[in-house]
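Student: I am new to this structure and would be grateful for a guided discussion. May we proceed by question and answer?

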Protein chains: 2
Amino acid sequence: MTDPRLESLRSVLPGLQLECGPAELEHFGRDWTRRWTPAPLAIAFPRQAQDVVGIVQWARREGVVLVPSGGRTGLSGGAVAANGELVVSLERMNRILGFDPVDRTLQVQAGAVLQVVQEAARSHGLAYPVDFGSRGSCTIGGNIATNAGGIRVLRHGNTREWIAGLTVVTGRGELLELNRGLVKNSSGYDLRHLLVGSEGTLGIVVEATLKLAPSPPPTNVMLLALPAFEAVMEVFSVFRERLQLEAFEFFTDVALRHVVGHGASDPFDQVHPYYVVVEFAVADEAGEAAAMAAFERAMEAGLVVDGVVSQSDAQAAQIWQLREGITESLAPRRPYKNDVSVRVGAMPAFLAEIQGLLGEGYPDFEVVWFGHIGDGNLHINVLRPEGMAEQAFIGRCEQVTRLLSDVLARHGGSISAEHGIGLVKKPYLQGTRSVAEIEVMRGIRRVLDPDGIMNRGKVFPD
Amino acid sequence: MTDPRLESLRSVLPGLQLECGPAELEHFGRDWTRRWTPAPLAIAFPRQAQDVVGIVQWARREGVVLVPSGGRTGLSGGAVAANGELVVSLERMNRILGFDPVDRTLQVQAGAVLQVVQEAARSHGLAYPVDFGSRGSCTIGGNIATNAGGIRVLRHGNTREWIAGLTVVTGRGELLELNRGLVKNSSGYDLRHLLVGSEGTLGIVVEATLKLAPSPPPTNVMLLALPAFEAVMEVFSVFRERLQLEAFEFFTDVALRHVVGHGASDPFDQVHPYYVVVEFAVADEAGEAAAMAAFERAMEAGLVVDGVVSQSDAQAAQIWQLREGITESLAPRRPYKNDVSVRVGAMPAFLAEIQGLLGEGYPDFEVVWFGHIGDGNLHINVLRPEGMAEQAFIGRCEQVTRLLSDVLARHGGSISAEHGIGLVKKPYLQGTRSVAEIEVMRGIRRVLDPDGIMNRGKVFPD
């Protein structure tokens, strides 16, 4: 630790934990993308907001770029540090600070792990309803930085909807307390919402006040087997009309085979091309009857060919594992990930167009489709064939992504539904946001980060 | 119409309707505040987004300040034009453009009147659930510009929550289509949320894509008479625990007397100091029983001394009129309005402190308290004594507002819960937003409005 910049950081923050061993540099320099070679300067572990203020002020003086770091589960390279940046890990700022029973809010540090937050909410008889498969390691700060979505958006919205207040340190090195938990506050621009989804390019979230929801109602989970892709949106319509949907998730048999290969068990005797997981509230017997009616309606219409319904929490968890286990089952293959969205109503036309495109674009690759179809969000993971070099594989995938980006632009969609732009999607940002919008975003960035030290190189096209 | 600047506007937009008769100048130069002398240059009535683009580009060239104008029901002077501005009225851009049954969204022009939007949603079996007393004249564009709240925030949130997409013309004269109705879109900064609540200082909203909610459940409305101010928050707690609250509104007997004086009828034989309107869902008999249980619990605890419950829609409307009629009944007196908020949990301590403050500050004024207490939002209207000059009255009120602003700062509250800052509250913005926040807001304003033509003089302290 002889870098003079780190010496100067130590001198202004003598108590700050700094690591620069090779294992730490590698671990904190990369996220789940595994595409860039980690090469941070060092890792800082602040313990309080004022430490982060000191780090940003130091970074401005020294011209060091900062990369905020949460649970490192990002899928877009937003937390990659490959160019001598200082990684600011919020790992040591992971406490639940307080609960307000009247406002029904939870005050947490940004490094709090999602599952810990969910459990804290439950301990107060309430729920933090944002949820994803990575709940055991992702952090609230990272969720906020990408406006993370997940499997309950259909019912509860994205992370954004659950933020009553944010404490951030901007790239100017100033600590801002944004909205402070107020339900109603029409006093100038809502900087809280500007920070949500800004991927660390405007500031570092250090604390959040989270809204909590009432405890969820009892639910059942159904797994449906579908004969054709075209049936997915129709099944959604049949079920949404009759039930209070908590989730509606889709995946292909290719996805199911990977999860089963990873240890899950297939509840069906036969292979079907498409599957849907539906979770719905069952307040009473009428709720269960409505679910059966929806199922029968879908069967009669030929939209569904088989189905199972959970009879216990354990069965519900088994069904969910088939959907939630997909990402983990594919992870060793380091798939190329697309995370696209369109309006829900635009989905059928969009799907029709991209099926052809991807069939031609990836003729020799295994393609795994799944996603939050009820929110218009589709994940398309592409697997590298054995023996193909990674760079060649990524190059081929990026050619297809360019075409996909054009199709999205025509259908009014987004190149990133929930993963963020990071490094992975920044070449395609202009398909989703206009040149004028990007110019405004760059201008705003200069206001909050005048020296360009906040996660430089991410989000904005070079 | 011989002003050369207007001639140049005519030459670039020959079809644009422009008015500068004295009646129009007066009508469009002021809002419900009636405190400033209207003196706009002229009124423009664009018919399409491209007209607005042309107006902004002209305004940049000519250095003319623009004041966007909706239903003119503002309470903070945000739409006042008293300095030779061009008022841009969205009155002629008031159409419902489309409905998407899959996404459950309504596409509207910014000048659409709230009630028309609500009726359009109902005609599709859905609801636009944001609601206030001014629904018959306020417009969606104005609602968006102040992030308007109203009487259903407790259940449905503010206007912000219902905006799936916004089309705006920025102060740079560029047309931006923000978020385009997507449920999930993590592709850079969410400029949509930046525009919501920006009070016309960043751009002019020309279209919006509104989310719609399922039709509301059947509800009942209760009017409760309370013996003491301290009981209000306790009654809220009793009812919220037992019922699905749709609204929880509070007012004092002083307010009731004004509404009754305006033609409404008092349902109680006796005078009580405080009243609450509770609206709650009644899905079935269990719901009605829960409501009675809550009422009895509150009676037994001495929190409530009398009450009536609606037996019909007509009765429900009569009860609501007692709350919603307050603003209109006071309007002829041109009250000085405070519209403050704190966290709901901070309300008791805040109330205790301000009751003394306002008692001392307004010893000889009639003070009318009411508001959305379940959201932490209180309206405090002060009436000018007969015979006191308006300037002297406002001067006295502003001294009190300065003290109130200090108390709000201590309790983490806001000087504007839902009216916006406009002209009226800008001297107090620094009690709610830090100097650093205001500096960031000014910087953002310069990005979207580099020439300072968008509603200049509003929101930011001089």
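Tutor: Let us begin with a term: helices (H or I, at least four residues) and strands (E, at least two) are DSSP runs, numbered from the N terminus. Please also note that this is a predicted model.

Student: Where is A:Arg72 found in chain A?

Tutor: A:Arg72 is not a glycine, yet its phi is positive, about 60 degrees. Its relative accessibility is 7%, so A:Arg72 counts as buried, the limit being under 20%. As for its place in chain A, A:Arg72 is found in the loop between strand 3 (66-69) and strand 4 (86-89).

Student: Is B:Asn179 buried or exposed?

Tutor: B:Asn179 lies in the loop between strand 9 and helix 7 of chain B. This residue, although not a glycine, has a positive phi of about 70 degrees. Buried means under 20% relative accessible area. With 8% relative accessibility, B:Asn179 therefore counts as buried.

Student: What relation do chain B and chain A have to each other?

Tutor: Chain B is superposed on chain A by a rotation of 180 degrees with 0.0 Å of shift along its axis, at an RMSD of 0.0 Å. That is therefore the relation of a two-fold axis.

Student: What percentage of the contact residues of chain B recur in chain A?

Tutor: The contact takes 72 residues from chain B and 72 residues from chain A. The same surface serves both copies, and the share of chain B contact residues that recur in chain A is 100%.

Student: Which three residues supply more than any other three of the area that chain B buries against chain A?

Tutor: The area buried between chain B and chain A is about 5,700 Å², and carbon and sulfur atoms give 54% of this area. Of the area that chain B buries against chain A, 18% is supplied by three residues, more than by any other three: B:Lys184, B:Ser186 and B:Tyr189.

Student: Which helix of chain B gives the most to the side that touches chain A?

Tutor: Between chain B and chain A, 43 residue pairs are in polar contact, both residues being at pLDDT 80 or more. Strand 9 (175-178), helix 7 (191-195), helix 14 (429-432) and helix 15 (435-448) of chain B each supply at least two residues of the side that touches chain A. The greatest contribution to that side, 10 residues, comes from helix 15 of chain B.

Student: How many salt bridges are counted between chain B and chain A?

Tutor: Over all chains, the count comes to 51 salt bridges. One between the two chains pairs B:Arg343 with A:Asp100, whose closest N and O atoms are 2.7 Å apart. Between chain B and chain A, the count is eight.

Student: How many residues apart in sequence are the parts that B:Arg410 and B:Glu353 tie together?

Tutor: B:Arg410 and B:Glu353 form a salt bridge, with the closest N and O atoms 2.0 Å apart. B:Arg410 lies in helix 13 (residues 390-410) of chain B and B:Glu353 in helix 12 (residues 347-361), so the parts tied together are separated in sequence by 57 residues.

Student: Is A:Glu91 exposed or partly exposed?

Tutor: The side chains of A:Glu91 and A:Arg92 meet in a salt bridge, at 3.0 Å from N to O. A:Arg92 has a relative accessible area of 27% and is partly exposed. With a relative accessible area of 34%, A:Glu91 is partly exposed.

Definitions and conventions. Residues are numbered from 1 along each chain as its sequence is written. Chains are lettered from A and ligands numbered from 1 in the order in which they are written. Side-chain values use heavy atoms; hydrogens and water are left out. Contact means heavy atoms within 4.5 Å. Buried area is the accessible area (1.4 Å probe) that two parts lose on being put together, summed over both. A salt bridge is a side-chain nitrogen of Lys or Arg within 4 Å of a carboxyl oxygen of Asp or Glu. A polar contact is a pair of N or O atoms within 3.5 Å; within protein, one must be able to donate a hydrogen and the other to accept it, and residues adjacent in sequence count only if both atoms are side-chain atoms. Copies are superposed by least squares on the C-alpha atoms of residues with pLDDT of at least 70 in both. Buried means under 20% relative accessible area, exposed over 50%, partly exposed in between (1.4 Å probe, protein chains only).
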